[in-house]
Amino acid sequence: MRLGVLDVGSNTVHLLVVDAHPGACPLPAHSHKAELRLAQLLDDGAIGPQGVDRLVSVVHEALQAAEDKGVEDLLPFATSAVREARNADDVLARVRTETGVELQVLTGEEEARLTFLAARRWFGWSAGKLLVLDIGGGSLEIAYGIDEEPDAAASLPLGAGRLTAGWLPGDPPAPDDVRALRRHVRTEVARTVGEFSRFGPPDRVVATSKTFKQLARIAGAARSAEGLYVQRELKRKSLEEWVPRLAGMTEAERAELPGVSEGRAGQLLAGALVAEAAMDLFGVERLEICPWALREGVILRRLDHMESV
């Protein structure tokens with residue numbers, strides 16, 4: 001069947017269309033994206049009228065794209081920007097009334113667990129104990145385990161978009177602001193390390209999300225055009241060398257780096273500070289980039305449910 005996943009994230013609204021059936025690898029058929037940056041449209045903790053108008057419009061566009069591509073079943077969900085908005089109920093009600101789409105709001109732990117499922121299926125059982133890191137626009141998800149359900153999962157308010165809007169107003173940012181953000185990020189990450197370290201060291205550390213992919217790319221990883229199955233990694237030493245360089249660049253200069261999109265360039269430094277803190281505090285020297293993430297996890301969970309019915 002042809003499934004569609006509508007992901008209302010903190011940075012983008014992304015419709016992913018796949019051809020899938022239980023027991024088979026979902027095959028991407030179409031991708032439709034619109035940059036919304038909901039995490040940066042929050043006004044006093046609420047999504048403002050312009051943000052809601054834009055969200056409704058983008059959901060309409062995604063629905064039309066899903067119809068055009070023959071999607072049989074649509075799985076719509078929202079993550080941290082909607083989840084944490086003071087007016088989340090009103091936003092969800094308006095989307096439902098004007099588009100007919102009932103967005104399922106995932107908790108941070110659900111995000112972490114579904115992303116972990118995707119990584120486990122991608123790397124397989126032979127990968128052993130996995131530590132999975134995912135930096136979104138609004139939050140950082142961490143999960144660890146040996147099965148398809150992680151033994152530990154956490155979500156921290158350390159998304160690249162959120163941190164950029166709240167901590168790094170300059171272009172380039174002031175050194176004092178960068179240091180303050182670095183301290184904040186490390187304090188937040190350090191609070192969770194014990195929850196995971198009691199399970200012992202992982203056999204493999206993997207990362208998902210656009211932020212990690214872009215950091216790996218500027219550190220020398222293969223281009224996305226070379227395909228999903230090319231192994232890509234990010235070494236902590238390379239990341240530590242890049243962080244001060246990114247801190248000294250303007251947004252326009254970061255956008256000139258290989259693999260960095262104009263829309264994500266502004267928040268790359270904040271994402272790099274989160275990635276560096278996570279790798280350092282969890283004792284990770286290198287990690288592998290996983291092509292599958294939350295959207296694929298939602299699809300896989302849906303297929304599992306179909307198979308069990």
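On a 1 Å grid over the protein atoms alone, a cavity is a set of points where a 1.4 Å probe fits but cannot get out, whereas a pocket is an open set with protein on both sides within 12 Å along at least five of seven lines; lining residues have an atom within 4 Å of a point. Grid points are joined across faces, edges and corners, and a volume is the space filled by probe spheres set on the points. The structure is a predicted model, in which local features need pLDDT of at least 70 and side-chain atom pairs count only at pLDDT 80 or more, while totals for chains, interfaces and linings use all residues. Residues are numbered from 1 along each chain as its sequence is written, and side-chain values use heavy atoms, with hydrogens and water left out.

By this rule there is 1 cavity of 30 Å³ or more. The largest cavity has a volume of about 30 Å³, and its lining consists of K210, T211, Q214, R264, Q267 and L268. Helices (H or I, at least four residues) and strands (E, at least two) are DSSP runs, numbered from the N terminus. Helix α7 (residues 210-218) gives the most to the lining of the largest cavity, namely 3 residues.

## The second largest pocket

The second largest pocket holds about 260 Å³ of space. Among the residues that line this pocket are L74, F77, Q104, E110, V298 and R302. Two or more lining residues come from each of β6 (73-78), α4 (108-123) and α12 (294-308). The most are given by β6, with 4 residues.

Two strands pair if DSSP finds at least two bridges between them. An open sheet of 5 strands has the order β3-β2-β1-β6-β7, with mixed pairing. Its edge strands, β3 (27-35) and β7 (104-105), each pair on one side only. Strands β6 and β7 run parallel and are joined by 2 bridges; A78 stands opposite V105 in β7.

## The sheet of six strands

Another open sheet, also of mixed pairing, has 6 strands in the order β10-β9-β8-β11-β13-β12. At its edges are β10 (152-156) and β12 (233-235), each of which pairs on one side only.

Strands β8 (residues 130-135) and β9 (residues 140-145) pair in the antiparallel sense over 6 bridges, and L131 has Y144 in β9 as its bridge partner. Strands β9 and β10 are likewise antiparallel, with 5 bridges, and they form a hairpin with 6 residues between them. In β10, A153 is the bridge partner of A143. A residue is buried under 20% relative accessible area, exposed over 50%, and partly exposed in between (1.4 Å probe, protein chains only). Of the 5 residues of β10, 4 are buried, so this strand is largely enclosed by the rest of the structure.

## The nonpolar cores

A nonpolar core is a set of buried Ala, Val, Leu, Ile, Met, Phe, Trp, Tyr and Cys residues joined through side-chain atoms within 4.5 Å. The largest such core has 50 residues, of which F212, L215, L246 and L287 touch the most other members. Helix α11 (residues 268-281) gives the most to this core, with 10 residues. Apart from it lies another core of 28 residues, including A65, V71, A85 and V91.

Contact means heavy atoms within 4.5 Å. Leaving aside neighbours within four places in sequence, the contacts of L287 include L133, V205, F212, R232 and M279.
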